[in-house]
Amino acid sequence: MATRAQPGPFRPAGSAGAEALATGGAASAGGPGRPGPLQDETLGVASVPSQWRGVQGIRRETMVDTGMSWRLLKNMDVWLPAVLATLVTCLHTLGYPPAQGQGLHVTSVSWNTTGSVVACAYGRLDDGDWSTLKSFVCAWNLDRRGLNPQQPSAVVEVPSAVMCLAFHPTQPSHVAGGLYSGEVLVWDVSHPEDPLLWRTGLTDDTHTDPVYQVLWLPEPRHSHRFQVLSVATDGKVLLWQGGGAGQLQLTEGFALVVQQLPRNTKLKKPPRGETEVGATAVAFSGFDPSLFVLGTEGGFPLKCSLAAEEAALTRMPSSVPLRAPARFTFSPHGGPIYSVSCSPFHRNLFLSAGTDGHIHLYSMLQAQPLASLQLSHKYLFAVRWSPVRPLVFAAASGEGDVQLFDLRKSSQKPTVSIKQTQDDSPVYCLEFNRQQTQLLAAGDAKGTVKVWQLSTEFTEQGPREAEDLEQLAAEVAT
């Protein structure tokens, strides 16, 4: 739980259609367009923020069933304006019945560079050997007229469970994925009949464990060209470049070994010999292109650098020398980390979420978190900073919720908690849309992607918001 209050916005912690798909435009005439906001959409249940409870005698926690008729809501004119200010509307409920029929989960979601196409990966995040299970990558063009939410614009069949996805930063139809088998692939979803562009293949360079995150990085000397970075629980962080014959070629590599971690926080004494550290999540600084944060199976975040030159103490085979990237070790969660996210508005702040149900807010400048919030009694699977609001972030919980935080309103509780799954099955992933900033996509264990529309309450910066974030970052122990 959050610890005692201190000045500042947050409470500090204790010590603990192919062409249309490619362009993002409309593809066919006829049929309804995208639903407008607040058109009797059924949202599930959103909780009313605590600062509005008790108004006109409403003393206990009030739940607003946003499937109620708007006529009924309008009669509640005492607190309706406050409720409407934070309502989150479900625009689309997307799914692919063949994948859902196999019991597959949505393990990852990604928006393309136009902001009009959302893709999801189908795989499994629970126990079991899913390496040979046929899986899918699906994409929907939300600007397409006559959109069928159960019929994706593109479907790619994949021979192994897909654990993660990332659209290319400039090519709107290119998407990279990481598989349970350890492979990394790149597809062109505008050519669903022959979508594969590149793959790593199964070589000595390929990850030997599931790939839990991929992302695109600009090449150091060619900012308009991009490489794919992959992280996996085999302890390797690898950079791939598309080459001839459809092959992804390894250009740089890093390996995490317990014996080479900086010992600036209390960690268990490392065993003798080489012990790889499983990487589960990655986030890059928007202020330093070489700086990145890794989440680990051990629960501790690591500050790392692409500029690291020290050789990794590992015998893992590789066609390129593997280097040791870790520069700083942060105090751990109580279990593995599933997600990390660097602030787009401050060079030193990042969030992490994990199996202990906590979100930690860290500064790059100290090991202890600035704040620790317990959001769930189950796992937290994803956390993301808003791309447009410095004090807003979202989290996906194992209890079926998407939680939106606005630190201007509360440093302890979510401003809005959205019930994505009615049977409390987990929400595994979420992503803000950087182009259409009112949209947030979240995927769950039911095989469903929901696209939520956020009110301006979550998309328009308030006065002094950047200064409040700066004050938060300044609360670093001296």
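Predicted model: local features only at pLDDT ≥ 70, side-chain atom pairs only at ≥ 80, totals over all residues.
1. Four strands make it up, in the order β16-β17-β18-β20, and their pairing is antiparallel. β16 (279-284) and β20 are the edge strands; each has a single partner strand, so one side of each is left without a neighbour in the sheet. On average, neighbouring strands of this sheet are turned by 25° against each other, direction ignored.

2. Next, look at β17 and β18. Strand β17 (residues 291-296) pairs with strand β18 (residues 302-305) in the antiparallel sense, over four bridges. Cys304 in β18 is the bridge partner of Phe292.

3. Strand β20 (residues 326-329) includes Thr329. Thr329 has 0% relative accessibility and therefore counts as buried. The Thr329 side chain reaches the backbone oxygen of Pro262 at 2.8 Å.

4. Now for the rings. There are 12 aromatic pairs in the structure. In the pair formed by Phe328 and Phe330, the ring centres are 5.0 Å apart and the planes stand at 70°; because an angle over 60 degrees counts as edge-to-face, so does this pair. Phe328 and Phe330 also belong to a cluster with Phe350 and Tyr362, linked by ring pairs.

5. Are Phe328 and Phe330 buried or exposed? Phe328 counts as buried because its relative accessibility is 19%, under the 20% cut-off. Phe330 counts as buried too, at 0% relative accessibility.

Terms used. Residues numbered from 1 in each chain as written. Heavy atoms only, no water. Phe/Tyr/Trp six-rings, centres within 6.5 Å; stacked < 30°, edge-to-face > 60°. Buried < 20%, exposed > 50% of the residue type's maximum accessible area, 1.4 Å probe, protein only. Helix = DSSP H or I, 4+ residues; strand = E, 2+ residues; numbered from the N terminus. Polar contact = N/O pair within 3.5 Å; in protein donor to acceptor, adjacent residues only side chain to side chain. Pairing = 2+ DSSP bridges. Axes fitted to C-alpha atoms, helices over the stretch in contact; angles between N-to-C directions.
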